[in-house]
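These are my notebook entries on one model. I wrote them while going through the coordinates entry by entry.

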Amino acid sequence: MALSLLVVSISFYFKEYISPDSDLYATLSLVSVAGVVVMVIAFSLGLGAMPWIIMSEILPINIKGLAGSFATLANWFFSWLVTLTANLLLDWSSGGTFTIYIAVCVFTAGFVAIWVPETKGKTLEEIQQFFR
């Protein structure tokens with residue numbers, strides 16, 4: 001995701017210095033669209049499913065309903081926040097917007113790598129022990 005966002009960001013930065021009538025400008029526009037498409041595919045295959053997987057695997061049965069509802073609320077709230085701020089950020093700087101998204105993506109990947117436990121082949125009790 002971060003690499004595809006980097007491609008989009010760089011193409012937007014370059015577009016600021018190129019004439020809109022040039023062939024390179026049109027090529028950079030296509031590169032931007034391709035980068036966004038690759039990012040959406042990568043998100044769908046990776047981080048998009050992360051909240052739902054985490055909820056189903058690490059939440060204890062006795063709080064799964066309440067905690068799952070809270071996690072779903074948080075997930076949709078941040079989706080709404082990104083949607084709300086995207087146009088404001090794009091008006092500010094197209095390249096800068098995607099640079100911010102890169103930083104969030106890298107932070108999220110680091111957070112998942114450090115704090116989200118591997119659950120493959122573990123029982124719920126073993127997973128809960130990780131958080132104690």
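Entry 1, Thr 119. I looked up the accessibility of Thr 119 and found a relative accessible area of 14%, so Thr 119 is buried. My classes are buried for under 20% relative accessible area, exposed for over 50%, and partly exposed in between, with a 1.4 Å probe and protein chains only. Thr 119 sits in the loop between H5 and helix H6 (124-130). With residues up to four places away in sequence not counted, Thr 119 touches Glu 57, Ile 58 and Ile 127. I take contact to mean heavy atoms within 4.5 Å.

The model is predicted, so I keep local features only at pLDDT of at least 70 and side-chain atom pairs only at pLDDT 80 or more, while totals for chains, interfaces and linings use all residues. Residues are numbered from 1 along each chain as its sequence is written, and side-chain values use heavy atoms, with hydrogens and water left out.

I noted six helices and zero strands. The order along the sequence is α-α-α-α-α-α. The radius of gyration is 19 Å, well over the 14 Å that the globule rule gives for 132 residues, so the protein is more spread out than a compact globule. That radius is taken over C-alpha atoms, and the rule is 2.2 Å times the number of residues to the power 0.38. The C-alpha trace spans about 60 × 30 × 20 Å along its principal axes. Helices (H or I, at least four residues) and strands (E, at least two) are DSSP runs, numbered from the N terminus.

Of the 132 residues, 21% are buried. I also looked at contacts with a separation of 6 or more: 60% of them join residues 24 or more positions apart. The accessible surface comes to about 9200 Å², and carbon and sulfur atoms hold 74% of that surface. Areas come from the Shrake-Rupley method with a 1.4 Å probe; for residues, only the protein chains shown count as cover.

Which residues form the largest nonpolar core? I listed seven: Leu 5, Val 8, Phe 12, Met 39, Phe 98, Ile 102 and Cys 105. Helix H1 (2-15) and helix H5 (94-115) each supply at least two residues of this core. A nonpolar core here is a set of buried Ala, Val, Leu, Ile, Met, Phe, Trp, Tyr and Cys residues joined through side-chain atoms within 4.5 Å. I then followed Ile 102, which is in contact with Ala 2, Leu 5, Leu 6 and Ser 9, leaving aside its neighbours within four places in sequence.

Gly 95 is in helix H5. Its relative accessible area is 0%, so I class Gly 95 as buried. Not counting residues up to four places away in sequence, Gly 95 touches Ser 9, Phe 12 and Tyr 13. I found the C-alpha atoms of Gly 95 and Ala 34, 61 residues apart along the chain, separated by 15 Å. Ser 93 lies in the loop between helix H4 (64-92) and H5. Ser 93 has 14% relative accessibility and therefore counts as buried. With residues up to four places away in sequence not counted, Ser 93 touches Tyr 13 and Glu 16. Ser 93 and Val 8 are 85 residues apart along the chain, with 12 Å between their C-alpha atoms.

Is Ser 32 buried or exposed? At 5% relative accessibility, Ser 32 counts as buried. Ser 32 belongs to helix H2 (residues 23-45). Leaving aside neighbours within four places in sequence, I found Ser 32 in contact with Val 8, Ser 11 and Phe 12. Ser 32 and Thr 72 are 40 residues apart in sequence, and their C-alpha atoms are 31 Å apart in space. Val 40 also lies in helix H2. At 43% relative accessibility, Val 40 counts as partly exposed. From Val 40 to Gln 128 I noted 88 residues in sequence and 32 Å in space, C-alpha to C-alpha.
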